Amino acid sequence: MTAQVTAGLDGSDESLAAARWAATQAVLREVPLRLVYVEEWPNTPAAPLAFSHTLDERTEKLMQDETERARKEHPDLEVVTEHARGRAAEELTAAANEADLTVLGSRGLGGVHGFLVGSVSLAVVGAARQPVVLVRAKDERARPEGGIVVGVDIYHPCEALLAFSFNEAARTGMPLRFLHSWTLPASYGYAAIMDPGLGGELGDQLLGGLDDLVAPWRKRYAGVEVEAKPVVGSPAYRLVEASQTAQLVIVGRRSRRMPLGPHLGHVAHAVIHHSPAPVAVVPLA
């Protein structure tokens, strides 16, 4: 793995937003920015030779323009570019596995041979061994001030998620808000009706578990402002709700494969599709 931040480019507004977001991250991390353009190859039907030359010229200009923009906004930033040919999802996943962080456009459609369609971005997020952030083209919210929102499950190992979250908060100076969503088990049935305080007791127990999970990281990152609380409701719904005021949403992804390929959990899937804020997906054990 190379110490760098990688951004996928295809000329769409979403990919340009991703490149700019990635440049800021590279500066914060003090590592180079790598801009990658993937030309789908082989093309079907075969592209005329003249069109291929035109495409190469457009790609070169795109990379040059974004390199100049990044260096103008961040004079000390090292920028490297790569024009790859192959299957976009495979090439970008391979690039993501070599980087500290990869940033892609969310819902980008690209040009004639653009690759940042939803299926490709989701494929990379579902397969990459390193964190991937998805960024929308526009954020029309008025100065979101909700800091970093992190969805956490206290019942499963999530050290990689905690490490990534605290590191991001330390670099950016943004506060961290950990959410563990829960609902009263159906097995409690009428007990919850007969004893309204039962839910409160369970909530207190969950809060204690969440505090215990975060406590070692609070000590290690004493300068980071942290809020941790359990919330009642569907994890997907509560995270999407919290994303409306967040500057970044972070979710984990379990490393498991389905018959048709890598699997992205329904919570991460919902957040990716409905969060107006950038979404970071961190692979977990």
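Predicted model: local features only at pLDDT ≥ 70, side-chain atom pairs only at ≥ 80, totals over all residues.
Which residues is Ile250 in contact with, leaving aside its neighbours within four places in sequence? Ile148, Val149, Val150 and Gly151 are in contact with Ile250, as are Leu161, Phe164, Ser165, Ala280 and Val282.

In soluble globular proteins, nonpolar side chains tend to be buried together.

**Salt bridges from strand 2**

Turn now to the charged side chains. The whole structure contains 10 salt bridges, of which several are visited here. Begin with Arg34 and Glu98, whose side chains meet in a salt bridge at 3.2 Å, N to O. Arg34 belongs to strand 2 (residues 33-40), whereas Glu98 is in the loop between helix 3 (88-97) and strand 4 (101-105), so their pairing ties together parts 64 residues apart in sequence. A surface display separates the two partners: Arg34 is buried, at 11% relative accessible area, while Glu98 is partly exposed, at 38%.

Remain on strand 2 and select Glu39 with Arg85. This pair forms a salt bridge in which the closest N and O atoms are 3.3 Å apart. Because Glu39 lies in strand 2 and Arg85 in strand 3 (residues 79-86), the pair ties together parts that are 46 residues apart in sequence. Glu39 is buried, with a relative accessibility of 2%, and Arg85 is partly exposed, with 41%.

Move to helix 5, residues 159-172, and select Glu168 and Arg171. Both residues lie in this helix, three residues apart, about one turn. Their side chains meet in a salt bridge at 2.8 Å, N to O. Is Glu168 buried or exposed? Glu168 is buried, with a relative accessible area of 2%, whereas Arg171 is partly exposed at 32%.

**A network to finish**

Finally, select Arg20, Glu66 and Arg69, which are linked in a network of salt bridges. Side chains of opposite charge can pair when their charged atoms come close.

Note on methods: Residues numbered from 1 in each chain as written. Heavy atoms only, no water. Contact = heavy atoms within 4.5 Å. Salt bridge = Lys/Arg side-chain N within 4 Å of Asp/Glu carboxyl O. Helix = DSSP H or I, 4+ residues; strand = E, 2+ residues; numbered from the N terminus. Buried < 20%, exposed > 50% of the residue type's maximum accessible area, 1.4 Å probe, protein only.
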